Amino acid sequence: MSERKHHDRHASPSPSPTSDPLPHRTEELEGHVEDYFEVDELTSKAFDVRWGTLPGLRFWVEEINNIPIAHRYIFVSFSFFLVGGFLALLMRWQLVVPGNDFVDAETYNQLFTMHGTTMMFLFVIPFIEAVANYFMPLLLGTRDLPYPRLTALAFWTYTWGGLFIFSSFLFGVAPAGGWFAYVPMTNRNFMPGLGMDFWDIGLSVAEIAAMGAAAELIVSILRMRAPGMALHRMPIFAWSMLITAFMILFAFTPLIVGTAMLEFDRKGITSFFVPELGGEPLLWQHIFWIFGHPEVYIMFVPAIGVVSQIVPVFARRPLTSYTLVVAAMLATGFISFGLWVHHMFATDLSPTAMGFFAAASMFIAIPTGVQFFVWISTLWTGRPVVKTPLLFIIGFLAIFVIGGVTGVMLGAVPFDFQAHDSYFVVAHLHYVLIGGVVFPFYAALYFWMPKITGRMMSERLGRWNFWVMFIFFNVAFFPMHISGLLGMPRRVFTYQAGLGWDALNLMSTVGALGFGVGAVMIVVNLIWSMKAGECAGPNPWDADTLDWWEDSPTPDAQFKFIPFIRSRYPLWEQDSFGPQTREEARLLEPLRSKPTRWRGALVVSVIDAKPLAIVKMPHPTMAPFTMSLGFILMFTGVLVDNLWFLGAGGAVTTGAAYAWFRPRPDEDVAIEEIGTDSADDKLPLAMAGPMSNGWWGTIIFIIVLAVALLTLIASYFYLGKGPSAGTPIVPELQSALFATIASLVLGLVIYATGHATRRSRAGLRRIAIGLALPLTSFFLYFTIQAWNETGLRAVESAYGSIFAALLAFQWLVLGLLLIILVLSFLWSLRRPDDPRGHGITLNGELIGYFAVASWLLIAATVYATPRLW
């Protein structure tokens, strides 16, 4: 297909909103560059087959392409949304009249807990990541996400985790401790049974899946963009997901640590939150809300990315200030981590601390206000075309303003004292999360569904959908402000008549039922559009971004020809998507409807998106599906304290890991075809070091480990100097000193290992790895001895618990390092020059440096600070 035909077929039929229509000047390109989009039919078909969908059962258990995985992700997460909404309707029916006995108190607590858990953990974040998994490669101009197997693993793990939590209903032990699980009420003494264990374990599974998807998005956005798509040309939605993904890493990691601490307490292994043993129940609140309040913005930032993506399309002009919107999103993400005490004003905090967090709670309104003015000015100065997506955006603007105003009210400490734990907070929460998140999500579905299905949705039904949701939402939740101010507490399953709440609760229940009908209308519209909707074509909205350049629905083989980007609004301002010089064409020749014997994609520089290398993408495999089953078996073993389940899960996971990482023949083909040597006129194959996606993934993994370690260290200082008796423990130094010496020597050897690998000195590399293995073993041995010297037991005091947790963290890191060193040593013996072995070694180098740094930090915390005290 020629470039002229390709561009004409995908171009916007309307003139550029910022300039006169640009002519198609493919004939002015240099020499043979104009045939960039021409390829023989055999090559084209071979490429399609290589990236095509698998047949039969293999499609369900082996598929790893982002498009089918995102389809499943969207379906499952939206299904959880509908289930969570149904639970909410059951709660509202219980509150429709005073003294209702539709459900009892325990059942109501279960409904309340599972409604909040479903919406906060099983719908919003997974749905965001599902949409991003589908559209990020399209927006960035790349063929897939960098870790397709991780995409599949995240989906399966999330799905099993959600079903794991809901299976508690089948056993009659659904969690009832609230979606926030405050201790000590969720300790085993106050809440026996397996309900909160289902919540703890299932939630951890879903959190890990969310973090895997976040890592995927970070590397994809930073490293896998179309040539020329510098950071200042990225779509706003890509910026929003980049910020969100980093926020997920920093917010979800403390919660994973916290849920692990809670579960160990419930198992009787530790005493982190047991007051009589020196534990602190408020520690849980700090850990939970340092996740919980940023999570509100983890939901909100992608939503405002959607708004900034849609508003220019229907305003028929670019945003009035792209830079301000990006800066405001960055500011929102940063400030959100200074707000968690906003939820703890009613606890025993100092006035100074409350003043600081109250100021931060109000300050965060500034970047949001900046974005509001940009959206309004864009619509005001454009030529708005009001379609269903824009209607939902306008509804968002109206509703979120109310949620923002009430949020500033709650940021004032005296008012928060009065409204805390009242229905005023319920109203505020839903105005922020439904108005600020669900309405933009519905706008996104109406906007992008034609790209997913290839069919237009009904505009008339879409408008009805909007008005039903908008009207009944306000009928449902606005009265809650008043009932809260009249004194109605939240989380109550019934109330007495004559308190002034009767009519307000009746109105809220009617509104909730109507809103539920509106929420389901999009499903009806989707089913109708699949049967009778008009064919969408590539760009039915005359949009500006690269996602509308491909066909609708999106083919499995995306971007057969890698586009070149020279504008922030390519479909509005570019006249050609091919290379402009022979050098550009020559660099990307191996990716021009190629390779056909393996899957390949492009990696670029972070700032200016210059082509750096070709990356070999994974082939379809059952490993992610199998590994997710192993996870569930292990977590089931933890739930019921059954070593057989735990061992079976570990065996399945180990086998899946072997299938995941074992060398594949198509990797040899890629190395043979492309090679790993760089040249001015040739892109190398990225297999090791900073060029490879694996190295970047290791960096992200280390960030997660670092946040987990800092969470444990902060917990150590929060819990205090010693056990409940008040006697500070000053641990013996002997084994700790030996461990420190071993760590420093190991650091030098790890450096030698990386240096020898980068210089391709196989002998020195083999010697260095051979030395690193016993050093790591000695290091591990001395840290174990350091614990034995303390004489502590984790269950006997909170101090012993946190001391054990810090050392156990170090043991996990050293165990991981040992596994990597063993693999590196085997590669150095069998295939010393293979770049795959080099990649494992260089990734292990990063883990080794972290192992040394983490021990020095832990040793300073538990050995130096008691002596300073």
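**Salt bridges, a strand hairpin and a nonpolar surface patch**

A salt bridge joins the side chains of Arg58 and Glu62, with an N to O distance of 3.2 Å. The model is a predicted one. Arg58 counts as partly exposed because its relative accessibility is 39%, between the limits of 20% and 50%. Glu62, at 14% relative accessibility, counts as buried.

In the whole structure, 24 salt bridges are found. One of the pairs is formed by Arg266 and Asp197, whose side chains meet at 3.1 Å, N to O. This pair links distant parts of the chain: Arg266 belongs to helix 8 (residues 236-266) and Asp197 to helix 7 (residues 195-223), and the two are 69 residues apart. Arg266 and Asp197 are both buried. Glu589 and Arg592 also form a salt bridge, at 3.0 Å, N to O. Here Glu589 is partly exposed, with a relative accessible area of 28%, whereas Arg592 is buried, with 15%. A network of salt bridges links Glu667, Asp668, Arg831, Asp834 and Arg836.

Glu63 lies in the loop between helix 3 (56-61) and helix 4 (66-94). This residue is buried but has no salt bridge. The nearest side chain of opposite charge is that of Arg599, 4.8 Å away; a salt bridge is not assigned because the cut-off is 4 Å. The side chain of Glu63 instead has contacts with backbone nitrogens: a polar atom of this side chain lies 3.2 Å from the backbone nitrogen of Leu54, and the side chain reaches the backbone nitrogen of Asn65 at 3.2 Å.

Strand 1 (residues 599-604) and strand 2 run antiparallel and are joined by six bridges. Among the paired residues, Leu602 has Ile614 of strand 2 as its bridge partner. The two strands form a hairpin with six residues between them. In the turn, Ala609 has a positive phi of about 60 degrees. Strand 2 (residues 611-617) is largely enclosed by the rest of the structure, because five of its seven residues are buried.

Ile819, Val822, Leu823, Leu826 and Leu829 make a nonpolar surface patch of about 430 Å². Ile819 is located in helix 26 (residues 798-830) and is exposed, with a relative accessible area of 52%. Ile527, in helix 17 (residues 502-532), is partly exposed, with a relative accessible area of 48%. The C-alpha atom of Ile527 is separated by 18 Å from that of Ala70, a residue 457 positions away along the chain.

Methods:
Residues are numbered from 1 along each chain as its sequence is written. This is a predicted model: local features need pLDDT of at least 70, side-chain atom pairs count only at pLDDT 80 or more; totals for chains, interfaces and linings use all residues. Side-chain values use heavy atoms; hydrogens and water are left out. Patches are made of residues with over 30% relative accessible area and no salt bridge: like charges are joined within 9 Å, nonpolar side chains (Val, Leu, Ile, Met, Phe, Trp, Tyr) within 5 Å. Accessible areas come from the Shrake-Rupley method with a 1.4 Å probe; for residues, only the protein chains shown count as cover. Helices (H or I, at least four residues) and strands (E, at least two) are DSSP runs, numbered from the N terminus. Buried means under 20% relative accessible area, exposed over 50%, partly exposed in between (1.4 Å probe, protein chains only). Two strands pair if DSSP finds at least two bridges between them. Lys and Arg count as positive and Asp and Glu as negative; His and the chain ends are not counted. A polar contact is a pair of N or O atoms within 3.5 Å; within protein, one must be able to donate a hydrogen and the other to accept it, and residues adjacent in sequence count only if both atoms are side-chain atoms.
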